[in-house]
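Welcome, and please have a look at the sequence and the model below. A short tour of a few residues and their surroundings comes after it.

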Amino acid sequence: RVIRHPVEIAPGTEILMSPGVSLVFRDKLKVRGTKNLSVSVRPSVVNQPWGTLALVGPNTAGSSIKHLKAQGGSGDDIDGMRFVGMLSFHNTSDISIDNVHLKKNYVHDDMMHIVYVSNLKMINSGLSDAKSDGLDIDLSSAVILEGVSIVNSGNDAVDLMGSEVIISQSTLMNSGDKGISVGEGSRAVVVDTHLERNV
């Protein structure tokens, strides 16, 4: 389902995703979960992964996601675009992510994928049990990760390509490959961050 108008998701909302189904937002999204009433996205059928939850295009600029829990997604191919992350951000800017917790993705590589994005800040969030990369950031700038925990990724915890990123007060552990892969013209500043037991 592609949604082309602004959307607000109220505290406590539960979204059950059928196998292979995706939600693509083409306009501003505000997920308004709270500490006591988070928003959840999960499979409607146990062990049958859904597709992607994606924000795409400049009209999604200024979106915010707070207190979201998502698990059991994968990726998708929609309208000629390939989404390789369970949570995906494409060609947008000024994104705020706070207390987002992602767990266990399937089929496609990335748990979370950011591409062609400027000015995204992610705080107080956690990603665990990624199939491959926990967080893949491609061709993006002014990305800030603060107080982020990424554990048990099949490949890298954070994988950068052509991006500028600041990582602070974060924990990157038990990755199948690197805690942070800084490659292909990327610049990373890493401050007060704990890396442990990354292969």
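This is a predicted model: local features need pLDDT of at least 70, side-chain atom pairs count only at pLDDT 80 or more; totals for chains, interfaces and linings use all residues.

Let's begin inside. In soluble globular proteins, nonpolar side chains tend to be buried together. Here the largest nonpolar core holds 45 residues, and Phe89, Leu102, Met112, Leu120 and Leu145 have the most contacts inside it.

Beyond its neighbours within four places in sequence, Phe89 touches Leu55, Ile65, Ile95, Ile97, Met112, His113, Ile114, Val115, Val117 and Leu120.

Asp138 sits in strand β13, which covers residues 135–138. Asp138 is buried but forms no salt bridge: Arg82, the nearest side chain of opposite charge, is 11 Å away. What joins the side chains of Asp138 and His113? A polar contact of 2.9 Å does.

Setting aside neighbours within four places in sequence, the contacts of Asp138 are His113, Ile114, Val115, Tyr116, Met161 and Ser163.

## Asn124, partly exposed

Asn124 belongs to strand β12, residues 110–128. Why does Asn124 count as partly exposed? Because its relative accessibility is 41%, which falls between the 20% limit for buried and the 50% limit for exposed.

Between Asn124 and Phe89 there are 35 residues in sequence and 18 Å in space, C-alpha to C-alpha. With neighbours within four places in sequence left out, Asn124 is in contact with Asp98, Asn99, Val100, His101, Glu146 and Gly147.

Technical notes. Residues are numbered from 1 along each chain as its sequence is written. Side-chain values use heavy atoms; hydrogens and water are left out. A nonpolar core is a set of buried Ala, Val, Leu, Ile, Met, Phe, Trp, Tyr and Cys residues joined through side-chain atoms within 4.5 Å. Buried means under 20% relative accessible area, exposed over 50%, partly exposed in between (1.4 Å probe, protein chains only). Contact means heavy atoms within 4.5 Å. Helices (H or I, at least four residues) and strands (E, at least two) are DSSP runs, numbered from the N terminus. Lys and Arg count as positive and Asp and Glu as negative; His and the chain ends are not counted. A salt bridge is a side-chain nitrogen of Lys or Arg within 4 Å of a carboxyl oxygen of Asp or Glu. A polar contact is a pair of N or O atoms within 3.5 Å; within protein, one must be able to donate a hydrogen and the other to accept it, and residues adjacent in sequence count only if both atoms are side-chain atoms.
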